[in-house]
Amino acid sequence: MSFFKRNILLFIVMLLLSVVNATSQNKTSSITDTNVKVEKKKKKNKKKNKKRKKRKKVKLPKIDLSHWKVTLPVTNDKGKPYEISPPEILDFAKNKIARPYMYIDSTKGAIVFHAMPTNSKTRNTKYTRSELREQMVPGDNNTNWTFADGAYMKGKLSMDKTTRDSDGKHHRTIIMQIHGRLTNEQRDLIGEDDNNAPPILKIYWDKGKIRVKTKVLKNLNATYKEMLHEDAWDNDRGFNFEQKVGFRKFTLEVKVSDGKMVIILNKNEYKVYKSIHIKKWGIFENYFKAGNYFQSRDKGSFSKVKFYELEVSH
């Protein structure tokens, strides 16, 4: 009898142990499943956070357009080049007409100026442009500056893309200018029908290098009235900076003062103009230009210039 009781007790103990073990396994399995779910949630949250961080990496150009107007390579309803002046230019990104020719690259923090041959040509040129024109008084072309007043322009930019000509050489474009302008009195004095005067400075992106051209007075004994005529001035021979910028970012500075003009590339290469020709130029008013004044009429050609920073002071 005692043997029989002992076997029953042993059976009951074994049964209880099996139940406890099964319960423990279920709990372990439940904990493991919970841990897996927590890990999955953590991974999902990490992915979401990464996406949020990526979205936050939006770069904007350091350019205040409140004192610039732009001319684009597309015509308006009158058949003339389409222009946007302040304050409308501040919302250029929303302008559907401007969008193919002037837009923001938010991954690089730049304004892209895109130009190609079209029928949108300004007077006295066969080339087209996506180019800014300085306006000291927003919306007004009649307030400008002289060399005696002094002026400074600095830009950080790069050539993004450009096509090649039939010889395999990259097309060139003008990226910065100082343009002369006749006052109304000067215009009337020489009998002109507009205020246009020659540019004293043209800075080119030319086959990966920076080329500078300016003007020289043909006759140093010319009278004041004679100097006001465009044909009184000729192009100089031009100057190439030594360093090649290619398609990389570079910095250009232009400093002018009475009888002097200095162009600086990447803060380490300088070209100084200080001559009788620059001194004589002091009769003109001037304004800065920056962007993409494309120098080709080849079919299918184009270029895109990126400006990351642009500032002007007087």
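These legends accompany several close-up views of a predicted model.

**Figure 1. Overview of the predicted model.**
The protein has 314 residues, and 43% of them count as buried. Its secondary structure consists of four helices and 17 strands. Of the contacts with a separation of 6 or more, 69% are between residues 24 or more positions apart. The protein exposes about 18,400 Å² of surface, and carbon and sulfur atoms supply 51% of that area.

**Figure 2. A patch of positive charge on the surface.**
Four lysines gather in this patch: Lys57, Lys59, Lys108 and Lys249. One of them, Lys249, lies in the loop that runs between strand β12 (residues 239-244) and strand β13 (residues 250-257). Lys249 has a relative accessibility of 51%, so it counts as exposed, because the exposed class begins over 50%.

**Figure 3. A nonpolar patch on the surface.**
Val58, Leu60 and Ile104 make a nonpolar surface patch of about 280 Å². Leu60 is found in the loop between helix α1 (residues 2-56) and strand β1 (residues 62-63). With a relative accessible area of 58%, Leu60 is exposed.

**Figure 4. A salt bridge between Glu309 and Lys156.**
The protein has ten salt bridges by the rule used here. In the one shown in this view, Glu309 pairs with Lys156, and the closest N and O atoms are 3.7 Å apart. The pair links distant parts of the chain, since Glu309 is in strand β17 (residues 303-313) and Lys156 is in strand β7 (residues 151-162), 153 residues apart. How accessible is Glu309? Its relative accessible area is 25%, so Glu309 is partly exposed. Lys156 also falls between the limits of 20% and 50%: its relative accessibility is 29%, and it counts as partly exposed.

**Figure 5. A salt bridge between Lys306 and Asp160.**
Lys306 forms a salt bridge with Asp160, in which the closest N and O atoms lie 3.8 Å apart. This pair links distant parts of the chain: Lys306 belongs to strand β17 and Asp160 to strand β7, and the two residues are 146 residues apart. Is Lys306 buried or exposed? At 8% relative accessibility, Lys306 counts as buried, because buried means under 20%. Asp160, by contrast, is partly exposed, with a relative accessible area of 27%.

The side chains of Asp206 and Arg172 meet in a salt bridge, with an N to O distance of 3.8 Å. Asp206 is in strand β9 (residues 196-206), and Arg172 is in the loop between β7 and β8 (residues 173-181). The pair links distant parts of the chain, 34 residues apart. Asp206 has a relative accessibility of 12% and therefore counts as buried. Arg172 counts as partly exposed, at 30% relative accessibility.

**Figure 6. A cis peptide bond between two prolines.**
Which form does the peptide bond from Pro86 to Pro87 take? The bond is cis, with omega near 5°. Pro87 has its place in the loop between strand β3 (residues 81-84) and strand β4 (residues 102-105).

**Figure 7. Positive phi at Lys207.**
Lys207 is not a glycine, although its phi is positive, at about 55°. The residue lies in the loop between β9 and β10 (residues 209-217). Its relative accessibility is 42%, so Lys207 counts as partly exposed.

**Figure 8. Positive phi at Lys267.**
Lys267 is a residue other than glycine with a positive phi, near 65°. Where does Lys267 lie? It is in the loop between strand β14 (residues 260-265) and strand β15 (residues 269-273). Lys267 is exposed, with a relative accessible area of 54%.

Key:
Residues are numbered from 1 along each chain as its sequence is written. This is a predicted model: local features need pLDDT of at least 70, side-chain atom pairs count only at pLDDT 80 or more; totals for chains, interfaces and linings use all residues. Side-chain values use heavy atoms; hydrogens and water are left out. Patches are made of residues with over 30% relative accessible area and no salt bridge: like charges are joined within 9 Å, nonpolar side chains (Val, Leu, Ile, Met, Phe, Trp, Tyr) within 5 Å. Accessible areas come from the Shrake-Rupley method with a 1.4 Å probe; for residues, only the protein chains shown count as cover. Lys and Arg count as positive and Asp and Glu as negative; His and the chain ends are not counted. The place of a charge is taken as NZ of Lys, CZ of Arg, CG of Asp or CD of Glu. Buried means under 20% relative accessible area, exposed over 50%, partly exposed in between (1.4 Å probe, protein chains only). Contact means heavy atoms within 4.5 Å.
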